[in-house]
Amino acid sequence: MAKDMMPAFELYQPDSLDNALELLSRFGDRSWIVAGGHDSFDWFKDRTKYAQYVIDLNNVNELKGINETSEGIEIGAMTSLTEIELNDVIRQRYSLLSDAVSRVASPQIRHIGTIGGNLNQDARCWYYRYGVDCYRAGGNSCYADTPEGQNREHCLWGASRCVAVSPSDVAPAMVVLEATMVIASANGLREVPAEDYFIGPNIDIERMTVIEPGEVLVSIKIPNTWANAMFYFEKVADRNTWDFPLVNISRAMFIENGVVSRIRMAAGAVECIPRRLSVVEQVVAGSELNEETAELASQAAIRGATPLNFNHFKIPLLQNLVKRALRA
Amino acid sequence: MAFNLIGKNFTPPDIYAKVTGKAKYAEDFKVEGMVFCRLLTSTIPHARVSNINLDEALSMPGVLGVLTADEVTDTDIMDNPILTNHPKFIGQPILAVAAESEQIAQDAIEKISFAIEALPFTVDPLESLFPGGPNARMEGNVANPGIEPEEVKWQVSDFVAAGENHLPMGSPSREWSYGDLDNAFASSVYILEESFVTQGLSHNSMEPRTALAYWDGDKCILHASSQSQSFPHPGVASYIGIAPENLVFIAEFCGGGFGSKGGAYPYVAIPALMSKKINRPVMMRISRNEEALIGSARPGFQGRARLGFDQNGKMLAADLYIVQDNGPTNGFNDWLSAGDALSLVYTPNAMRFRGIPVLTNTPHRGPQRGPGQNQIANAIEPMIDKAARELNIDPLAIRKINAPNNYSKYGGAQTSVTSAYLSEALDQGAEMFNWNERRQRSGQRNGSKVTGIGIGTAYHSAGSNGFDGLLRIDTDGILHIHTGVGNLGTYSHTSTSRVAAEVLGYSWDRCVVERGDSSKGLPWNLGQFGSNTSFTMTRTNYAAAQDAVIKIKQLAALRLGGSIEDYELQNERVQHFNDLNLSLSFAEVAQIAIDEGGSYSGLTYPDEINPMTKRAVGHLAGSGLIGVGRDNLARSGSVAALAAGFIEIELDLETGDWEIKDYVGIADCGTVLHPLGLSHQVKGGAVMGIGLAGYERHIYDPQNGLPAHLGLCHSKLPTYLDVPSEMRWGAVALEDPENPVGAKGIGEPVQGCASAALLCAISDALGGHLFNRTPVVKDMIINFTAGQEQSYGPLQISSA
Ligand SMILES: Cc1cc2nc3c(=O)[nH]c(=O)nc-3n(C[C@H](O)[C@H](O)[C@H](O)COP(=O)(O)OP(=O)(O)OC[C@H]3O[C@@H](n4cnc5c(N)ncnc54)[C@H](O)[C@@H]3O)c2cc1C
């Protein structure tokens, strides 16, 4: 349970990516990257997860900022969510991203929280955060998936010992925009498509992304592929701000001659990773947008959903959000 | 009555400090040599701790001492203890560790080993009432102030008779009735019966109950977070185990209490006892999560109501049963207040109340804004709408026909009220809200959105009597009004003090409100809870001012001749009616009072005042003219504070989102003392009511007894982006006859009327569907509109 008192740690504040990588390889799994700290410090204060060596990336300027490139844009991992929300290029060409970011957490958290931190944030299952010895915490049970488990916020798909969801409002938008994650380590750079970046408990129950110890997310490249598409983002949460999604939906679409020529959709908070709605895309591509298409797509979207005791509302909610995304 | 000060806005003397951040709350104080303490708290809901081994912790550098449950003052067995080896809820403090820093203290806590035996626990009253069900404590599963702890198990047949969808009604702990209930139901043309759940709720005060204590000889100086100033003082002293005269209690500012800091609470004693033990000043900072557990909670209800109406909508019969989730201690009497409130707000011709307070292994339950009255408003008001719908009566009309007036009776004993103007409040609100036109919008569609309209009403008994007032006029003629009213954000410390200035004819800039620190000499006042301050402490200040008026006139007569009937007070002078030359300034009078001594300067005082007030007078004696008195004015009934709220929402059937388009709140609070302060009560109460009805969570995992709602984020309090930025308000402003300035309180019903109005509006938008549950949150709305079953059973308490 929450201790509300951080333990002592050694703080390193490297001023270059190389220094950061050097520190990470020196301290290995005893190190912890801190960006905005909104996720990290919660863990530290609870004393359920912490590290002896904390590497604060706030002085690494090369990880900050939004740049236009010939292929699209590139966003440094240490760029604040507010900066993304307010960036003109993003608002004009990739408003899906600025819309999604604008619904993250609260204005105060977005000022300090970074895009890298948002995409690498840990699961928000309240049992796990509470500090119980669940599977994700290295134990051998799941507290949420029990007959009386309080699992209203949990998953409809992809349960595998753990039933937590991907908490990010931004991650599904990244999947829709076909973003690429640029990752650095002492061994060099690698690039991973957003769709493969997030991993479920079936692959690794203790991690949410492919990032390995010693690696840093450097930037996110967003290609021109979906620039200036018709975008739709909607998030349903208990509150208008300062609240994780119950379900969110991201859509990018082009319409030519009255029919949908290209479409990509993903939903958040229904699975441990952003859920690409490929079936919906298949149903809709080549069709006109009308109530009938929307209805069919919404039926397709929920196939295979396996609700827990308290979250079956997410099924009609997802259906409704799919319909709304296809009406707009 | 025409007033110079009452009813006018003023700049509260503490406001600059608040808006500039200079206000010092308990946590902001630092004293030389100050160290910190942290708490070891229970991680399981019911346990026995033994074999505590402190050796390793005590040997750590920087660790200064440990305070265990064996070393603290004993409290009554059913009270919330200071520390305990027998924790009954998660988060309950077991021991405290003091160290040079909080981090060291926490590190040391992790080095303490102990044996912990897990005991049976429950978080659900009905589970505990079922034969063979767990008891929350060894003493039994039922208790309340006035009810000795006992074990109560209902019959299986009680549960079977009720079925899954209704509250079983086994033998109650308390029962009352008036009128001929059977006959009243028999004459009813419409009867409805609903079972309901109102969720408990953490107080979640913005300022956790942090405290700093140190000693000066026998005197303990305590900086604490308290919504009241004088009232908790004796209780705090007793927790620390000292005589009240040895406690300096400083609570100048308070970041919210909502009832949880109204009286003395045990945890403030920890830094005091620790400080005594280690001989260093001790700061105990309470974290947000700790506050969510030790900061107490509103009791939840599982209830059942059967209501009978005639064809005009008059409530003829009411039969109410409440099972209260009482937490693990004595708890509070919300359940009883709920029955009383129903009897007054709807004035049924006949009524029966039954209830039982059942212990659970969840935080200590204490009063929270409108304790009982606001839960019952939320449960009953949507049912009133259902009756209106069935009987084809306007929701405003049905409330008016049932509304109490000055002659209405209250509770099982059918006692009287001092005044009640709910009908007038409804009329005023209906006009401001434009009810007749708005009503037409009910059910109006706009895409996936639908409009809902609701009215809510609520009540709280809002006044008491028998406390003391104290003031001093110094030799500069300045009026010092000493008040024991706390600073809970209502500015009632000043709005009630202004009555003394009004009576004495003072210009406000020549008055000082003395408060916030018991060493200033403060009178015995009731606590800032129960919406009582406006009524109760206008009376005490009136009493003190009357005493001063007489003394001023007596001194004038003594010096200038004549009798007191020859003198009047004017422009801060005492003046002979017939001879303009016979006049003294109040400054001069104060000097004469000092010269004359006796009761004039506080060297003697009336015997009937409280020992605290006597000490305060003693402290001020000889420094000016003292006005002091006990409020002996008559009070013949419940001081009924009533409120009506009107709300329009737009609800999205596809997402469960709703937005408040308009809110009007009307207060029946007698004379308005401070318009701006009142407007903040009406609107702030509405914000809290919106949270009560539609947002705030208090969720327990029944299998492990774990709380899911720790911290402000998970409790889901509404943020300012969730509530309307504009709300409207008004006040009936008809004087209460039993208050010298006509005032009565209002703080609590202004929450309940808003929450009930919101619930009614949500129900209205959904074609009259009753959830019979608070809060109503999005998953419930989505499940309903999708035609799905809800994921909780009708009487389940933690609905995720
Ligand atoms: C109260 C609250 C409400 C929230 N609500 C929402 C919400 O509604 N929607 C939403 O999407 N998010 C929400 N969040 C999450 C919030 O957006 C993230 O916590 C925040 O963006 C994390 O960013 P940070 O920079 O503060 O992260 P940090 O805490 O610094 O980092 C988070 C994690 O990412 C790792 N990390 C950070 N940067 C890198 C990098 N460059 N390379 C590798 N690893 C890295 C850290 O090691 C850490 O494990 C909420 C958070 C809080 C506290």
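I worked on a predicted model, in which local features need pLDDT of at least 70, side-chain atom pairs count only at pLDDT 80 or more, and totals for chains, interfaces and linings use all residues. Residues are numbered from 1 along each chain as its sequence is written, while chains are lettered from A and ligands numbered from 1 in the order in which they are written.

**Ligand.** I looked up where the ligand sits, and it lies between chains A and B. I took helices (H or I, at least four residues) and strands (E, at least two) as DSSP runs, numbered from the N terminus.

**Strand β29(B).** I checked burial (20 or more other C-beta atoms within 10 Å of a residue's own, all placed from the backbone). Six of the six residues of β29 (residues 625-630) of chain B are buried, so the strand is largely enclosed by the rest of the structure. Leu625(B), Gly627(B) and Gly629(B) point one way, and Ile626(B), Val628(B) and Arg630(B) the other way. In a regular strand the side chains alternate between the two faces of the sheet. I then looked for its partner: β23 (residues 468-473) of chain B runs antiparallel to β29(B), joined by six bridges. Pairing takes at least two DSSP bridges. Leu470(B) has Val628(B) as its bridge partner.

**Helix α7(B).** In α7 (residues 233-240) of chain B, the buried residues are His233(B), Val236(B), Ala237(B), Tyr239(B) and Ile240(B). They cover an arc of only 160° around the axis (directions from the helix axis to the C-beta atoms), which puts them on the same side of α7(B). Their cover includes β12 (219-223), β13 (247-250), α8 (269-278) and α19 (611-620) of chain B. Just after the helix, Gly241(B) takes a positive phi of about 85°.

**Domains of chain B.** I noted 23 residues of domain 1 in contact (C-beta atoms, placed from the backbone, within 7 Å) with 21 residues of domain 3. On the domain 1 side, β13(B) gives the largest share, four residues.

Note on methods: A residue is near a molecule or strand if its C-beta atom, placed from the backbone, lies within 6 Å of it. A residue is buried if 20 or more other C-beta atoms lie within 10 Å of its own, exposed if 12 or fewer, and partly exposed in between; C-beta atoms are placed from the backbone. Two residues are in contact if their C-beta atoms, placed from the backbone, lie within 7 Å.
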